[in-house]
Amino acid sequence: APLFHQAFISFRKYIIESSSVSADLHIILNDICCGAGKVCLLGHVDDLFPFFLRHAKQIFPMLDCMDDLRKISDLRLPPNWYPDARAIQRKIIFHAGPTNSGKTYHAIQRFLSAKSGIYCGPLKLLAHEIFQKSNDANVPCDLVTGEERVYANEDARQAPHVACTIEMCSTNTPYEVAVIDEIQMIRDPARGWAWTRALLGLCAEEIHVCGEAAAIDLVTELMYTTGEEVEVRNYKRLTPLTVLDYALESLDNLRPGDCIVCFSKNDIYSVSRQIEARGLECAVIYGSLPPGKALFLLFLRECSASCCFFRKSFEMKQDKCIRRIIFNSIVKPTINEKGEKEIDSITTSQALQIAGRAGRYGSSFKQGEVTTMHRDDLMQLKEILSEPVRPVKAAGLHPTPEQIEMFAYHLPDATLSNLIDIFVSLSQVDGLYFVCNIDDFKFLADMIQHIPLNLRSRYVFCTAPLNRKEPFVCTTLLKVSYFF
């Protein structure tokens, strides 16, 4: 129906604005114009339709191969995309529990004891942490992120272990053990496809999945479609966490071990300036910091920081000296399923992840505390923390490069952005999956469209996790793409 409407508008414009048309079409139009009324006009609909259809196929070339395109964009059986993984019988172990329960620790211990392994995390900081921990334990491990590849061996030989951001994991390399961290992010509207791809596609004898218990049912159901059973290991928090009955209210009430959580860089810098004006030391850390700088700041925090700030503190695990988490606000910007920006209260899952960073096991604090900056937010925070975590209902998907290449075979003149649009419009998914938001992908595809690249390279560039609102970053990507 949407295509019909667009084709109708286009055909009408073509008829009105064309200086000349074919003789047979001209005769039909002349008959209509000279007709007695609506009866005559309706009688010519059948005569006009072949010309309308020909025009529609010119502006929508996929109409000639719609059946083939529908088959290619059928996303109802994602496990079949990974024949290497289906060729082995994998053992799936789900480590479920709240923050600071030791679930990831146990999975990493198995990773370190294996002959080969891969760790897949949501942040380059987490991949960097496992990379360092592994090499410190004399287990050679490479680091692979969207920014860099660091070899453990001086001669650049590939190590048997690798720590990577989840988008960078290989589904073709065999491993003994794989660790997929923060599995609940499989529902993320933008990045969820990367967790789905890792869960279904990693070629490892053992897959250790770490995350919230809310994802157990979905993971179990997904593994049922692959013929693999899930062993669930439940963990409880190792140290107590207390929600205080009072808010901080003033930065004068800060004390060593406090961490103020902000959800925008403007808030981070505003609060940090106010603290420094009071003569206090603080470390400012956010998720997009380069690993080296962030780890340096984390070292400072271990030694002397009075307080620290996170943009996405719940995504970090290097929080050894936080006694009290203080929410500067309990609302944050989010992207909905349509790709639209919204401001909403943080979810129970996010609140628990953030609050759980206080009083970690093995730190200098035996228990954690959580409160808010403002008194009005405290009651709402308590309500959020008391609610059950919503179950994860569906896993994200994204068209693979192979599928887009098959689309391009049928539509050789279409741009990558158009190919993605057509793919999503024709795609079919079942209730276990959803198609992730593709706005950032299309933005990058349009940005580099004029550069002569093969389709696979173009696709890879468009999966780069960059902020399209930062002109310098976009310009850098544009310049780099010229070298390919």
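**View 1. Helix α8 and the residue that follows.** In helix α8, which covers residues 124-136, the buried residues (under 20% relative accessible area, with exposed meaning over 50% and partly exposed in between, for a 1.4 Å probe and protein chains only) are Lys 124, Leu 125, Leu 126, Ala 127, His 128, Glu 129, Ile 130, Phe 131 and Ser 134. Helices here are DSSP runs of H or I with at least four residues, and strands are runs of E with at least two, numbered from the N terminus. The 13 residues of α8 reach 18 Å from the first C-alpha to the last, close to the 18 Å expected at 1.5 Å a residue, where the expected span is 1.5 Å times one less than the number of residues. After α8 comes Asn 138, with a positive phi near 65 degrees.

This is a predicted model, in which local features need pLDDT of at least 70 and side-chain atom pairs count only at pLDDT 80 or more, while totals for chains, interfaces and linings use all residues. Residues are numbered from 1 along each chain as its sequence is written, and side-chain values use heavy atoms, with hydrogens and water left out.

**View 2. Two glutamates with positive phi.** Most residues other than glycine have a negative phi. Glu 182, although not a glycine, has a positive phi of about 55 degrees, and this residue is found in the loop between β6 (174-180) and α9 (192-201). Glu 249 likewise has a positive phi, near 70 degrees, and belongs to the loop between β9 (241-243) and β10 (258-261). Glu 182 is buried, at a relative accessible area of 7%, whereas Glu 249 is partly exposed, at 46%.

**View 3. The contact of helices α16 and α17.** The axes of α16 (residues 416-426) and α17 (residues 439-447) come within 8 Å and cross at roughly 150 degrees, each axis being a line fitted to C-alpha atoms over the stretch in contact, with angles from 0 to 180 degrees between N-to-C directions. The two helices are therefore roughly antiparallel, a term for angles over 145 degrees, with those under 35 counted as roughly parallel, 65 to 115 as roughly perpendicular and the rest as oblique. Leu 416, Ser 417, Ile 420 and Asp 421 of α16 and Phe 441, Lys 442, Ala 445 and Asp 446 of α17 make the contact, which means heavy atoms within 4.5 Å.

**View 4. Aromatic pairs.** The structure holds seven aromatic pairs, in which rings of Phe, Tyr and Trp (its six-membered ring) have centres within 6.5 Å, and planes under 30 degrees apart count as stacked, over 60 as edge-to-face and the rest as tilted. Phe 49 and Phe 52 form a tilted pair, with ring centres 6.0 Å apart and planes at 45 degrees. Both residues lie in helix α4 (residues 45-59), three residues apart, about one turn of the helix. Phe 49 is partly exposed at 42% relative accessibility, while Phe 52 is buried at 11%. Trp 81 and Tyr 82 form another tilted pair, 6.4 Å centre to centre with 55 degrees between the planes; Trp 81 is partly exposed at 22% and Tyr 82 is buried at 12%. Phe 4, Phe 11, Tyr 14, Phe 49 and Phe 52 form one aromatic cluster.
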